[in-house]
Amino acid sequence: GESLGLRVLELTGDVTPDMAALRRADIIITTPEKWDGVTRSWQKREYVRAVRVVVIDEIHLLGEDRGPVLEVIVSRMRYISAQTDQECRLVGLSTALANAHDLADWLGIDPRPGRGMYNFRPSVRPVSMEVHIRGFPGKHYCPRMATMNKPTYSAIMEHSPANPALVFVASRRQTRLTALDLISYCAAADNPKQFLHMPEEEVETLALTLRDQA
């Protein structure tokens, strides 16, 4: 933040700046759990009462384990705003939400387009993007994920054979399983080194530093 003339502080379980530094900060980057803890004593913490904008990234995690903590933060910040008669803007960011209108209503946002809720379509990206959706049946997670690996490899070869590709999965274990399957499909192809964009000697050197405990 120095180039913009802003003081940015990290407030986490590992890093706790002194009170004076927090009062001088323009931006505080923290975790939901840490902010939940410090805002419980908001009457004694001037820097909490001075906050005018709260940006919550990955707000769809309301439906996950962290959901209750995020709910408490939103409710408490709205309560502090009402008690101090100081407006505090809440900004929630998410990749995709099925109930965006419900969430906007809960945040106190006008859900009408352009009034407070914004859905940024792929067309606004600086780099154009096409969206292809494919469904996979199956009630059980592991077998369903296994059936998705071959189509994932095929999609990479069809849409991005020579450029980097990013594959999201739900766990570290699944990361390993998907990677092994993609390596197997690549090894069986006509060009088994098609994803290798560096000298093999460098790969071997890097491989010596890896320690996989999975």
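# Charges, fold and salt bridges in a predicted chain

The chain carries 26 positive and 27 negative side chains, and the centres of these two sets are 6 Å apart. These values, like the others below, come from a predicted model.

The secondary structure consists of eight helices and four strands. Their order along the sequence is β-α-β-α-α-β-α-β-α-α-α-α.

What is the radius of gyration of the chain, and what would a compact globule of 214 residues have? The chain has 23 Å, whereas a compact globule with that number of residues would have a value near 17 Å. The extent of the C-alpha trace can also be given along the principal axes, where the chain spans about 65 × 45 × 35 Å.

Of the 214 residues, 21% are buried. The accessible surface of the chain is about 16200 Å², and carbon and sulfur atoms supply 54% of that area. Among contacts with a separation of 6 or more, 51% are between residues 24 or more positions apart.

A salt bridge here requires a side-chain nitrogen of Lys or Arg within 4 Å of a carboxyl oxygen of Asp or Glu. By this rule the chain has four salt bridges.

R66 sits in the loop between β3 (53–56) and α4 (67–84), while E33 belongs to helix α2 (residues 32–39). The two residues are 33 residues apart, and the pair links distant parts of the chain. Are these two partners buried, exposed or partly exposed? R66 has a relative accessible area of 36% and is partly exposed. E33, at 37%, is also partly exposed.

The next two salt bridges have D36 as a partner. One joins the side chains of R40 and D36, with 3.0 Å from N to O. The partners of this bridge fall into separate classes of accessibility. R40 is exposed because its relative accessible area is 56%, and exposed means over 50%. D36 is buried because its relative accessibility is 8%, and buried means under 20%.

The other bridge of D36 is with R76, at 2.8 Å from N to O. R76 lies in helix α4 and D36 in helix α2, so this pair ties together parts that are 40 residues apart in sequence. Both R76 and D36 are buried. Through the partners they share, the salt bridges join D36, R40 and R76 into one network.

Backbone geometry gives another pair of residues to look at. Which phi value does E58 have, and where in the chain is this residue found? E58 is not a glycine, yet its phi is positive, at about 55°. The residue is in the loop between β3 and α4. With a relative accessible area of 33%, E58 is partly exposed. D85 is likewise a residue other than glycine with a positive phi, near 55°. Its place is the loop between α4 and β4 (89–92). D85 has a relative accessible area of 69% and is exposed.

Finally, two pairs of residues show how separation in sequence and distance in space can be set side by side. H140 is located in the loop between α5 (100–106) and α6 (141–159). Its relative accessible area is 60%, so H140 counts as exposed. From H140 to P199 there are 59 residues in sequence and 40 Å in space, taken from C-alpha to C-alpha. M148 lies in helix α6 and is partly exposed at 25% relative accessibility. M148 and T30 are 118 residues apart in sequence, with 36 Å between their C-alpha atoms.

Methods. Residues numbered from 1 in each chain as written. Predicted model: local features only at pLDDT ≥ 70, side-chain atom pairs only at ≥ 80, totals over all residues. Heavy atoms only, no water. Rg over C-alpha atoms; globule rule 2.2 N^0.38 Å. Buried < 20%, exposed > 50% of the residue type's maximum accessible area, 1.4 Å probe, protein only. Contact = heavy atoms within 4.5 Å. Areas by Shrake-Rupley, 256 points an atom, 1.4 Å probe, with all protein chains shown as cover. Lys, Arg positive; Asp, Glu negative; His and termini not counted. Charge placed at Lys NZ, Arg CZ, Asp CG, Glu CD.
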